[in-house]
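Biologist: I am new to this structure and would like to learn how to read it feature by feature. Could we go through it together, with the general idea placed before each case?

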Amino acid sequence: MFRFLIFCALLLVVPQQGWTLATGDLTPEHPPDVIRRAKSAEMFKYMNQSADPCEDFYQYACGNFAKHNPVTEDNPAIGIGEVLSEKMNARVRGELETDYPTDTKAYKNVKNFFKSCLKIQHSLDEEYNEELGEVVSAFGEMPLLVGDSWREEDFDWVKVLAQMIYKTGQELLFNVMVLPDFSDNTINRVIFGEPRLPMQNPEVYTGEAFADSRERIIEYSTYYLHNYFGVNESMATQIAWEILNFEIALAHGMDDPKAGHQPSEVFTLMDMDEVEQHYKDMGDLRQLIHDIMGSTDIDEVYVQVSYLDHVRDILKKTPKRIVANYLFFSYMADYMVEPKTEDNEVVEYCIEKTKSYFYKVMDNMVYRKYIPQNTERTLYQIWRELKTAFLDILYSPRLDWIRDDTKKEAVEKLKQMKLKILSYEHPKDVEDVEKMDISDQHFVRNIDEIRRTKGDKARAKLNEPPKALQMGAEASTTPYYNPFENMVYMPVSFLQPYYAWSTEFPSAYNFAFLGFFVSHELVHGFDNSGRNFDAKGNARNWWDATTDQVFRERSKCFINQYKNLVYFGHHLPEMPSQAENIADGGGVRLAYEAYLSWYRKHAQDDERLALPDLSSYTHKQLFFVSYAQVWCSNYAEIYIANQLADTHTPNQLRDIGPLANFDEFAKAFNCPEGSYMNPSNK
């Protein structure tokens, strides 16, 4: 799924009226003409019309963006993701700081947690440290706290880990969870594999380019160990490195997200006797799984064998003291507060902390108060146009290389694919929050309550109807496609008006911006990952051998194209999985064709086909400029390594790559064959 670090909407100068207006300040009360002029002026000022659109369309569409949006130490990344998050946080803050008589129990709990976070920022004292000590002692002795009196022969990592995960559902050393069977989503299975590490991408732990990131982790860990656990600073640094090095060792055994492996390639279904026998020298993993799930009625589990084999080797050569410190310290991460000095920093920190646990309720707060009633109608109109356009493409001569039986399966999958707004309006979406008892005074106790609820919920899934894995808090910031449900999800943040869409904007803009994000996710259902799942969300190979081979050959073209693109002097890494590039290229084509279909049916009745400052552009050119400005961004140098490590291509190349492959773009801007944006070989 993908993160969007794209374009920022800041102050707009509207010269025709002699006044300034920020896009973020637009409201439904503003007249349509004011809204359209504001967006028009914003788009115009970010463009560099002295650039040749046929040689570098990013410079043409976004060449002045960095000038208007300089990065700073406090604001090192500027893109649509940051802008939407900032606007969401401002709206959420208003809701969190205001109590209403109509607040539900869930709303009250979330607001209480936010208040307890603000309070603890001003109470990081001895009492707080004592509370942390009580949390640690619930699982035995932590070596760094008891020193030489710690006895490694008394430490049973299986027992300690089982207790920790049972209580919290936390991903710690392993991820032990319940999911629908990959091949038959009518039954549940226990999954036993790698966890998601704090820095998430394994390459951040292993890559040379991320040495600075690892140093920052050491600084934070040293601070926590010294100030919250009472360890002298020299010893704290040593232990911080031991913990990080252990985590680095774990990362070396994790699946490479760039490889695009499918569940069947990563997991092996094993019965519990096999698990016990294969890992008998590691510990009693049968007991570990039974204790975590609170049930002995588990006969088979999906095991990530490569990762478990790797962990077994690590545990053999790692002192138990380091393993114990790692487990205890990692377990305590949720309780440890990052101190802030400025009031605004405290509030921002507590909003993010609250969001990490209660993102569903917070998104619902914004949805109810700020998302216009016509939003769903607009979004689903675009969705219907996209599905119709994709169906037309499937039946067109362009896809004659797909054989009839495979095409029939593709059509059925498309027909059954659904779109859902993550508004969390259904009571079941927040019922676990309703049941909590959250205080506005006791931060540590609140974390206990949250984690207990999470642990109970994780175990309960074993005996509940199968439910597909959801993305989690990240779903609040990015649209995504869930192959296990054949469902596209749209977050509330992207539906905030005047950024990705507005009923007052030309449809060319709405299809190019919001429509692209939706179509990108729709195409994920048919890329080199999504195509391995059928219409019902089961992992199944429904592609015939001939069509499959043609698809693989065509994917090689993407690999060759993108590995030759250069970003800040670095060639893009060669990635076996081209899922994101396929979704970008297919997404912009699909959004364009859906827009043209809309245009043919409705243009004569629509007065909003152009924007004031961009009236000289044809409606097709406006579509491509709007799409290009999706990727306008400005990043500090420290972000380059992160962008190159991502499965997504860096933003400016997400303009260049897809549009250079698209003949309709070249026609719209009269780009001669052989120009950079219209190469002879596509």
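Modeller: Let us begin with a definition: a disulfide is a pair of cysteine sulfur atoms within 2.5 Å. Please keep in mind throughout that this is a predicted model. By that cut-off C62 and C632 form a disulfide, with their sulfur atoms 2.0 Å apart, and the link of C62 and C632 is left-handed, with -85° about the S-S bond.

Biologist: Are C62 and C632 buried or exposed?

Modeller: A residue counts as buried under 20% relative accessible area. C62 is buried because its relative accessibility is 3%, and C632, with a relative accessible area of 0%, is buried as well.

Biologist: How many disulfides does the structure hold?

Modeller: The structure holds three disulfides. In general, a disulfide is a covalent bond between the sulfur atoms of two cysteines. Besides the pair already described, C54 is joined to C671, with a distance of 2.2 Å from S to S, and the link of C54 and C671 is left-handed, with -85° about the S-S bond. This pair links distant parts of the chain, since C54 is in the loop between α1 (32-46) and α2 (57-62) and C671 is in the segment after α29 (663-668), 617 residues apart. C54 counts as buried at 6% relative accessibility, and C671 counts as buried at 7%.

Biologist: Where do C117 and C350 lie, and how far apart in sequence are the parts that they tie together?

Modeller: C117 and C350 form a disulfide with their sulfur atoms 2.2 Å apart, and the torsion about their S-S bond is about -85°, so this disulfide is left-handed. C117 lies in helix α5 (residues 105-121) and C350 in helix α17 (residues 343-370), so the pair ties together parts that are 233 residues apart in sequence. C117 is buried, with a relative accessible area of 0%, and C350 is buried, also with a relative accessible area of 0%.

Biologist: What is the pairing when the bonded cysteines are numbered in sequence order?

Modeller: With that numbering, the pairing along the chain is 1-6, 2-5, 3-4.

Biologist: How many residues of helix α28 are buried?

Modeller: The general idea is that an α-helix has 3.6 residues a turn, so residues three or four places apart point the same way. In helix α28 (residues 651-660), nine of the 10 residues are buried, so the helix is largely enclosed by the rest of the structure. Among the buried residues of α28 are N651, L653, R654 and D655, and the list also includes I656, G657 and P658.

Biologist: What is the phi of Y424, and what is that of N486?

Modeller: Most residues other than glycine have a negative phi, and most peptide bonds are trans. Here the phi of Y424 is near 55°, a positive value in a residue other than glycine, and N486 likewise has a positive phi near 55°. Y424 is in the loop between β8 (418-422) and α20 (431-434), where it is buried with a relative accessible area of 9%. N486 is in the loop between β9 (480-482) and β10 (487-491), and N486 counts as buried at 0% relative accessibility.

Conventions. Residues are numbered from 1 along each chain as its sequence is written. This is a predicted model: local features need pLDDT of at least 70, side-chain atom pairs count only at pLDDT 80 or more; totals for chains, interfaces and linings use all residues. Side-chain values use heavy atoms; hydrogens and water are left out. Helices (H or I, at least four residues) and strands (E, at least two) are DSSP runs, numbered from the N terminus. Buried means under 20% relative accessible area, exposed over 50%, partly exposed in between (1.4 Å probe, protein chains only).
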